[in-house]
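Okay, everyone, thanks for coming. I'd like to walk you through one structure today, so let me put it up on the screen.

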Amino acid sequence: MKIYNTLSGQKEEFVPLNPNVVKMYVCGPTVYNLIHVGNARPAVVFDAFRRYLEYRGYSVIYVQNFTDVDDKIIKVANIEGVDPKVIGDRYVAGYFKDACELGIQPATCHPRTTNFIEQIKEFILELEKKHFAYQRGSDVYFDVSAFPSYGTLSHRNPSDMRSGARVEINENKDDPLDFVLWKGSKAGEPKWKSPWGDGRPGWHIECSSMSKTLLGDAFDIHAGGNDLIFPHHEDERAQTEALTSKKWVNYWMHNGMISVKDEKMSKSIGNIFTVREALKIYGKNAIRMYLLSKHYRSPIEFSSDRMEEAKTAYSRIARVMEEIEKKVGKDFRITEDEFVKDQKAKMIEVLDDDFNTPQALSIIFDLVKDVISTGNLERMKSVKVLVDEWNYFLGFDFEPDRKNVDDFIELELKLRNDARMRKDYAQSDEIRKKLEELGIEIMDLPEGTRWRWK
RNA sequence: GGCGACGUAGCCAAGAGGCCAAAGGCGAGGGUCUGCAAAAUCCUUAUUCAUGGGUUCAAAUCCCAUCGUCGCCUCCA
């Protein structure tokens with residue numbers, strides 16, 4: 001299997017540290033808001049990739065964090081006049097709801113910054129001991145000049161960045177590139193006691209500390225949006241490798257950004273579309289089709305046309321799956337013949353090449369087309385088995401969409417009540433009997449007719 | 001200003017030296033089916049890969065230049 005590694009800038013053969021187990025860390029959301037479609041991309045794509053690794057026989061330990069100590073959370077908390085913890089808890093819950101509806105499987109671990117304060121402090125103390133950190137007031141900074149390979153991940157060199165006009169000058173720092181490990185607290189901010197005074201962790205330190213605690217000093221894959229490469233991941237890498245003197249992460253995977261009208265979708269720009277809205281309007285399957293039909297590293301445009309297109313494309317597969325089930329049922333076995341073996345090999349070949357999901361989907365569309373035009377029942381069975389198997393990592397629902405079933409039953413009840421009004425009881429009983437066979441129970445109550453699933 | 005990515009049919013999107021006169025999806029046009037409508041299905045839809053040079057027996061794929069778009073350099077997935 002080959003993975004594009006941001007660190008080397010090329011595709012590399014994937015060799016996990018342990019031949020059977022893959023350890024993977026994905027940067028999760030800062031919980032101050034409902035997640036938007038841009039946030040959903042890494043969540044969906046890397047979850048699908050993780051499941052593909054499982055499909056390929058690896059056990060995967062998958063960690064995705066929540067950043068629940070942050071300026072933006074504090075700001076929202078202050079506006080609402082509540083404790084930041086309330087905000088964090090609310091949006092952690094919000095994330096789980098959305099992720100679940102998107103068909104994202106829970107990670108092995110979902111650590112939160114607030115549960116790692118002790119480990120973070122120890123981490124910083126160690127850095128101080130090794131002279132990679134210095135204190136200014138009650139702030140602690142990482143000394144970039146002490147870490148010679150700073151810039152390797154993001155392919156920049158420190159002197160270029162220093163001369164760049166956009167690096168903010170902070171009189172506290174020895175070097176504009178130095179970044180904060182621990183922030184002294186200001187009034188109205190959450191704080192924890194520390195050797196440097198009351199304060200809270202800086203942004204980058206949490207991922208280092210959590211991953212070190214949960215996955216060890218070295219692990220296989222670190223993933224996230226490509227807007228995190230610099231400074232977030234560069235800084236994480238610097239502090240962690242400074243501490244351990246070991247290679248921290250072997251493969252860095254970064255997804256491309258989602259844009260709206262040629263501009264990045266981002267909370268600060270304000271052009272966001274929440275996952276919750278998108279789920280309501282387009283549904284889980286359309287969103288997954290949209291995200292998987294372009295390679296994860298490429299930028300992708302969000303628009304309602306794109307979403308409608310994805311929805312139509314998805315239903316093409318779903319309809320055929322439904323049709324196959326009608327023709328050959330659910331209970332059958334197939335023998336793994338040449339055809340099935342070839343298709344599986346083809347699927348693995350394209351996905352082993354840096355998780356090329358657009359190609360994977362085209363294999364499925366080809367099969368679907370083939371099955372329709374030949375009408376061969378054995379072939380249908382094979383295709384159904386294959387697609388169901390691959391769906392382990394694609395994560396679509398091929399069950400028929402039953403969201404309008406309520407309206408449909410209401411319509412039946414209306415027809416039945418019209419018959420009752422006409423005293424056509426043969427007709428009304430017929431309808432009740434049919435509904436009952438479908439598992440729907442009818443009760444004629446004084447206030448009207450109600451129904452429920454038996 | 002620095003660093004990086006990208007530019008393939010009406011639109012979306014694979015392909016990364018010969019299997020490409022370029023997958024797949026959406027859309028569009030035509031046929032079949034049909035009381036009407038819809039659905040479904042079949043067929044058609046890029047001699048060409050931003051532009052201009054170059055390397056090579058061979059380039060959408062490699063190199064150089066130009067134009068254009070986007071991302072990062074500040075919070076960001």
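Before anything else, one term: when I say two residues are in contact, I mean they have heavy atoms within 4.5 Å of each other. And keep in mind that this is a predicted model.

Setting aside neighbours within four places in sequence, Ile 221 is in contact with Ile 3, Phe 14, Val 22, Lys 23, Met 24, Tyr 25, Phe 49, Leu 53, Val 249, Tyr 251 and Met 253.

Where does that residue sit? Ile 221 belongs to the largest nonpolar core, which has 87 residues. Together with Leu 53 and Phe 302, Ile 221 touches the most other members of that core. The biggest contributor here is H1, which puts in ten residues. And the core takes at least three residues from each of two domains, domain 1 (2-264) and domain 2 (317-394). There's also a second, separate core, this one of 37 residues, with Ile 205, Met 210, Leu 215 and Trp 248 among them.

Okay, zooming out. Chain A has 454 residues, and 50% of them count as buried. In terms of secondary structure, chain A contains 15 helices and 15 strands. Its C-alpha trace spans about 90 × 60 × 40 Å along the principal axes. If you take the contacts in chain A between residues at least 6 apart in sequence, 75% of them join residues at least 24 apart.

One helix to look at while we're on burial is H9, residues 284-292, which is mostly covered: nine of its nine residues are buried.

The largest pocket holds about 920 Å³ of space. It's lined by 36 residues, and the closest to its centre are Thr 30, Asn 39, Trp 203, Asp 227 and Leu 228. Which elements give two or more residues to that lining? They are helix H1 (37-55), helix H2 (71-80), helix H6 (205-215) and strand E9 (219-225). H1 gives the most, with five residues. So what's the lining made of? It divides into 13 nonpolar, 15 polar and eight charged residues.

Okay, that's it from me, happy to chat.

Note on methods:
Residues are numbered from 1 along each chain as its sequence is written. Chains are lettered from A and ligands numbered from 1 in the order in which they are written. This is a predicted model: local features need pLDDT of at least 70, side-chain atom pairs count only at pLDDT 80 or more; totals for chains, interfaces and linings use all residues. Side-chain values use heavy atoms; hydrogens and water are left out. On a 1 Å grid over the protein atoms alone, a cavity is a set of points where a 1.4 Å probe fits but cannot get out, and a pocket is an open set with protein on both sides within 12 Å along at least five of seven lines; lining residues have an atom within 4 Å of a point. Grid points are joined across faces, edges and corners, and a volume is the space filled by probe spheres set on the points. Helices (H or I, at least four residues) and strands (E, at least two) are DSSP runs, numbered from the N terminus. Ala, Val, Leu, Ile, Met, Phe, Trp, Tyr, Cys and Pro count as nonpolar, Asp, Glu, Lys and Arg as charged, and the others, Gly among them, as polar. A nonpolar core is a set of buried Ala, Val, Leu, Ile, Met, Phe, Trp, Tyr and Cys residues joined through side-chain atoms within 4.5 Å. Buried means under 20% relative accessible area, exposed over 50%, partly exposed in between (1.4 Å probe, protein chains only). Domain bounds come from an automatic or database domain assignment.
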